[in-house]
Amino acid sequence: MGFDIEEEEIFEEPCSLKEYLSQPIRLSGITFKRIAFKPKLTHWFIVLLLSSAFVTLSSYLAVQKINFQIVAGPQLPEEAVQAAGELMESIAKNPAIIFLGVFVSSLVIQIIISLIYYLLIRASGRKAGFLSSLLIIGLTNIPTIVSGILQSYLALNMPEVTVILNLSEQKGLLGGPSVGNMGISMDSTVIGMILSVWSLIILYSACRSGFNLSKGRAVLSSVIAWLIMLLPSIYSLLMIL
């Protein structure tokens, strides 16, 4: 499942977890080749768990500032409305549920992007294995961890906001975030998009140093994978605007 090309350099051992964690900063060509030749799935899984944990932390801190309120017509008993509101709030503010959602969505997205990245590398004439591509995409979890830390700080400074679910008029979510909260949401999205440039650099460096692509093919492959990776952030930004 690793990298399968004729090269003079043969690596018998995979890179260490420490090397893998620091690779997005070091961008070492040798380490990229070791990841490509000897991918170690546990490295990817550990970093995925870490990034999911930090994203969960930022989401959990942010949702603590949200007060959920359900408004319904006289056709629904007040006790039922109150119970529904408490259930919604308990689910939305449950860290285990938040983590599960973040982890599963991150897992699915990374597998899809890794498959696309793998196909792009193969289309460029290199015999990269899917596992190698998955490990490279996994390196972009490091910027996600940094983003989670920064967004956790922003979440601590969020003003409280009331989200009203109006069942009687079926208007959906009303009483959205205040101007201050929208500003923080914008800041979070901007931070994510800026750090995504770091991910682009990682993908490009891997194409050049790990998979030995030409500059043109490396740019094309990394930019396509990066744009797909960026779609959730672009969607969030459009929702705010």
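Predicted model: local features only at pLDDT ≥ 70, side-chain atom pairs only at ≥ 80, totals over all residues.
## Overall make-up

The protein chain contains nine helices and three strands. Along the sequence these elements follow the pattern α-α-α-β-α-α-α-α-β-β-α-α. The chain has 241 residues, and 40% of them count as buried. Its accessible surface is about 12700 Å², and carbon and sulfur atoms account for 67% of that area. Contacts between residues at least 6 apart in sequence were also examined in the protein chain, and 76% of these join residues at least 24 apart.

Helix 3 covers residues 41-63, which makes 23 residues. At 1.5 Å a residue helix 3 should span 33 Å, and its end C-alpha atoms are 33 Å apart, so the two values agree. The buried residues of helix 3 are His43, Trp44, Val47, Leu48, Ser51, Ser52, Thr56, Ser58, Leu61, Ala62 and Val63.

Helix 7 runs over residues 141-156 and has 16 residues. From its first C-alpha to its last, helix 7 reaches 22 Å, close to the 22 Å expected at 1.5 Å a residue. Its buried residues include Asn141, Ile142, Pro143 and Ile145. Further along helix 7, Ser147, Gly148, Ser152, Leu154 and Ala155 are also buried.

An α-helix has 3.6 residues a turn, so residues three or four places apart point the same way.

## The packing of helix 2 and helix 6

How do helix 2 and helix 6 lie relative to each other? Helix 2 (residues 29-37) packs against helix 6 (residues 130-138) at an angle of about 135°, and their axes are 8 Å apart. The two helices are therefore oblique to each other. In this contact, Phe32, Ile35 and Ala36 of helix 2 meet Ser132, Leu135 and Ile136 of helix 6. Five of the contact residues are nonpolar, one is polar and none is charged.

## Buried residues and what they touch

Ser114 sits in helix 5 (residues 95-123). With a relative accessible area of 0%, Ser114 is buried.

Thr140 is in the loop between helix 6 and helix 7. Its relative accessibility is 5%, and Thr140 counts as buried. The residues that Thr140 touches are Ser199, Ile202, Leu203 and Met229.

Trp226 belongs to helix 9. Is Trp226 buried or exposed? Its relative accessible area is 15%, under the 20% cut-off, so Trp226 is buried. Trp226 touches Ser196, Val197, Ser199, Leu200 and Leu203. The C-alpha atoms of Trp226 and Leu203 are 7.7 Å apart, while the two residues are 23 apart in sequence. Leu203 is also among the residues touched by Thr140.

Ile194 lies in helix 8. At 56% relative accessibility, Ile194 counts as exposed. Ile194 and Pro143 are 51 residues apart in sequence, and their C-alpha atoms are 9.7 Å apart in space. Pro143 is one of the buried residues of helix 7.

Ser214 is found in the loop between helix 8 (179-210) and helix 9 (215-240). Its relative accessible area is 37%, and Ser214 is partly exposed. Ser214 and Ser124 are 90 residues apart along the chain, with 9.0 Å between their C-alpha atoms.

## Two residues with positive phi

Leu27 and Asn212 each have a positive phi although neither is a glycine. Leu27 is located in the loop between helix 1 (17-26) and helix 2, and Asn212 in the loop between helix 8 and helix 9. Leu27 is partly exposed, with a relative accessible area of 28%. Asn212 is likewise partly exposed, with a relative accessible area of 28%.

| Residue | Phi |
|---|---|
| Leu27 | about 55° |
| Asn212 | about 60° |

Definitions and conventions: Residues numbered from 1 in each chain as written. Heavy atoms only, no water. Helix = DSSP H or I, 4+ residues; strand = E, 2+ residues; numbered from the N terminus. Expected span 1.5 Å × (residues − 1). Buried < 20%, exposed > 50% of the residue type's maximum accessible area, 1.4 Å probe, protein only. Axes fitted to C-alpha atoms, helices over the stretch in contact; angles between N-to-C directions. Parallel < 35°, antiparallel > 145°, perpendicular 65-115°, else oblique. Contact = heavy atoms within 4.5 Å. Nonpolar A, V, L, I, M, F, W, Y, C, P; charged D, E, K, R; others polar. Areas by Shrake-Rupley, 256 points an atom, 1.4 Å probe, with all protein chains shown as cover.
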